Amino acid sequence: MTTTQQAPTARRLARAIPMPAGAGLARMLVERNITSFRHGWIALVTGFAEPVFYMFSLGIGIGALVRTVTTDSGLTVTYPQFVAPALLAASAMNGAVMDSTFNVFFKLKYAKLYDAVLATPMGPRDVAVGEISWSLLRGGMYSAAFLVIALLAGAVRSWWALLALPAAVFIGFAFAAVGMFATTFMRSWVDFDYITLAVQPMFLFSATFFPLSTYPDALQWVVRATPLYHGVALERALTLGDVGWGVLGHVAYLLVLGAVGVVGAARRLERLLLS
């Protein structure tokens, strides 16, 4: 291949890969968000409250009635041990989705923050990577706090749980990327009803509170197709020590979903901000 043929190929590859051409300018946007939330820390603290309340109300409350649960792999555990990893995955999802949708939409449509960002050496792809990275940090903080509470509550039974926090960050990556991609199509705040319509059923029915085997056969395929199910199954395998080759399938699903979201969000931002 000649030099003239290589140049267009390199440009197409650069456009396809949503990473800044420079040495990590996206981190500047992450630093900006950290500074911004320094005085709004209460919003971060309250972000993981919902999964904690669910764990103590359902995991402990119902756990007094439902002593043990048999997982889909045949492992018998207590109900709090069954529910806690699912709520850990949900905590990562909530933190990532809330930040990559509502906050990004406000900055994009009303604050016009990204228009100001383009006056700096940063570009649209830096914006995408920076905002998704910040969503990962926020989701990771929620997950870390919840994991400590689950550990103190006796809901963790394996040393594999050391990988539960990195797995939660990985779950947050998938949801943050897809959430930001979806946000670039939003026209008004009313469109966020679709976000709630997608997130809330996933939270309730992605084998979060009941084993997958309790669902009808036709519905099981629908549940298996949801991203949160793969996050729940991944966290449950790690915290219960029920690790097998199937874990790689969950990781691959989340990796592909996150990659599609990052590429889509970067290209949509380029179209919206540079057109």
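Axes here are lines fitted to C-alpha atoms, for helices over the stretch in contact, and angles run from 0 to 180 degrees between N-to-C directions; helices (H or I, at least four residues) and strands (E, at least two) are DSSP runs, numbered from the N terminus. The model is predicted, so that local features need pLDDT of at least 70 and side-chain atom pairs count only at pLDDT 80 or more, whereas totals for chains, interfaces and linings use all residues. Residues are numbered from 1 along each chain as its sequence is written, and side-chain values use heavy atoms, with hydrogens and water left out.

**View 1. Helix H5 against helix H7.** Helix H5 (residues 79–109) and helix H7 (residues 124–152) pack with their axes 8 Å apart, at an angle of about 150°, and they are therefore roughly antiparallel to each other (over 145 degrees; under 35 counts as roughly parallel, 65 to 115 as roughly perpendicular and the rest as oblique). The contact (heavy atoms within 4.5 Å) includes Ala84, Asp99 and Lys107 of H5 together with Glu131, Trp134 and Arg138 of H7. Its residues divide into eleven nonpolar, seven polar and four charged, where Ala, Val, Leu, Ile, Met, Phe, Trp, Tyr, Cys and Pro count as nonpolar, Asp, Glu, Lys and Arg as charged, and the others, Gly among them, as polar.

**View 2. Helix H5 against helix H8.** The axes of H5 and H8 come within 8 Å and cross at roughly 30°, which makes H5 roughly parallel to H8. Among the residues that make this contact are Leu88, Met93 and Phe105 of H5, and Ile171, Phe175 and Met180 of H8. By class, the contact of H5 with H8 has 14 nonpolar, five polar and no charged residues.

**View 3. The aromatic pair of Phe105 and Trp189.** The structure holds twelve aromatic pairs, a pair being rings of Phe, Tyr and Trp (its six-membered ring) whose centres lie within 6.5 Å, with planes under 30 degrees apart counted as stacked, over 60 as edge-to-face and the rest as tilted. In one of them, the ring centres of Phe105 and Trp189 are 4.8 Å apart and the planes stand at 75°, so the pair is edge-to-face. Because Phe105 lies in helix H5 and Trp189 in the loop between helix H8 (164–183) and helix H9 (192–205), the pair ties together parts that are 84 residues apart in sequence.

**View 4. Two annotated spans.** An unreviewed UniProt entry places the feature "transmembrane region" at residues including 159–182 and 243–266. Residues 159–182 are 79% helix and 0% strand, with end C-alpha atoms 36 Å apart, while residues 243–266 are 88% helix and 0% strand, with end C-alpha atoms 34 Å apart. UniProt positions are given in the numbering used here, feature names are shortened, and annotations may be inferred rather than shown by experiment.
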